[in-house]
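I opened the model today to look up its fold, its core and its ligand shell. My entries follow.

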Amino acid sequence: MTKNARYTLYYSPFACSLAVHAALEKIGEGFELEKIDVKKGQHQTERYLQLNRHGKVPLLQDGKKLIDQGAGILLYLSEQHPEAELMPAAATAEWGKALSELFYMSNTVHPAFSMAFNPDRFTTGDKTQVFDKTLSRLDALLEELDGKLTQQDFLNGNKPYVADYYLVAMLNWLRIFKKGLNPYPNLRRYKARMDQLPEVSRAVSKEIKDLGFVVASVFKLMSVKKRLSRKLKGKPSLKRHDEKHYGLGGVS
Ligand SMILES: N[C@@H](CCC(=O)N[C@@H](CS)C(=O)NCC(=O)O)C(=O)O
């Protein structure tokens with residue numbers, strides 16, 4: 001964190017705001033992080049609602065400007081910092097494709113997760129029915145994404161853009177629903193690839209500290225155990241943040 005930084009990111013640990021956090025890490029300019037812990041209801045305080053009337057993270061402050069909506073923030077940052085290559089060059093065919101990937105994340109994939117986290121917001125009846133139906137919808141979406149990644153390393157082809165940061169933030173949530181990536185081998189490899197990007201790895205390392213000593217230690221123990229077991233099985237080792245899961249609770 002840098003004093004007098006241009007940007008402040010209001011985020012909740014391991015929420016969708018992780019995508020913006022990774023983008024800021026890639027930009028490499030100093031930024032400040034302001035924790036608004038959704039699990040503790042800090043997004044509903046009067047003080048925060050004055051900044052963001054929607055009561056959601058992420059929220060980006062740039063001087064006097066306040067920008068909400070993850071996809072909007074990611075596009076804003078990509079325009080402000082073209083050198084960071086958060087998106088392909090504007091108005092090219094590749095850019096159009098990257099826009100489509102980004103809006104697919106924010107308009108289709110993220111709402112499916114939100115419904116699984118908060119089924120009560122979508123029915124006055126049986127929450128379990130909504131939850132179960134949403135989980136099968138998530139399965140279908142993951143299967144589709146897995147198919148897409150058969151022939152390419154990232155959503156847009158061979159280079160990661162902001163939609164990839166968005167997706168990797170959401171893939172962290174699967175463990176909350178006791179779902180792993182084993183049925184989706186391409187997505188599983190993609191997640192490992194994404195977690196190794198320096199900007200993702202840095203953002204994750206900072207947010208892990210927010211989870212507190214106990215969770216961070218459990219995580220550390222688990223990754224050591226995993227690395228050891230890969231070694232014993234003669235499999236090549238993965239980097240520190242691969243195939244992890246966090247004690248996140250409801251983050252969306
Ligand atoms: N449309 C918003 C949705 C953001 C969103 O749902 N954020 C979640 C965290 S991943 C949140 O703040 N949830 C709190 C709540 O819905 O009460 C965006 O794209 O930024």
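These entries go from the overall fold to the core and then to the ligand.

**Ground rules.** I am reading a predicted model, in which local features need pLDDT of at least 70, side-chain atom pairs count only at pLDDT 80 or more, and totals for chains, interfaces and linings use all residues. Residues are numbered from 1 along each chain as its sequence is written.

**Fold.** I counted nine helices and four strands. These are DSSP runs (helices H or I, at least four residues; strands E, at least two), numbered from the N terminus. Along the sequence I read β-α-β-α-β-β-α-α-α-α-α-α-α.

**Core.** I looked up the largest nonpolar core and found 55 residues. Such a core is a set of buried Ala, Val, Leu, Ile, Met, Phe, Trp, Tyr and Cys residues joined through C-beta atoms within 7 Å. Buried means that 20 or more other C-beta atoms, placed from the backbone, lie within 10 Å of a residue's own. A19, A23, L74, V162 and Y166 have the most contacts inside this core. α6 (162–171) is among the elements that give it two or more residues. α6 gives the most, with nine. Domain 1 (7–84) and domain 2 (93–198) both contribute, so the core lies between them. The domain bounds come from an automatic or database domain assignment.

**Ligand.** I found 15 residues around the ligand. Near here means a C-beta atom, placed from the backbone, within 6 Å. The closest are A15, C16, K56, G70 and S252. α3 (70–80) and α4 (93–117) each supply at least two shell residues.

Methods. Buried ≥ 20, exposed ≤ 12 C-beta atoms within 10 Å, placed from the backbone.
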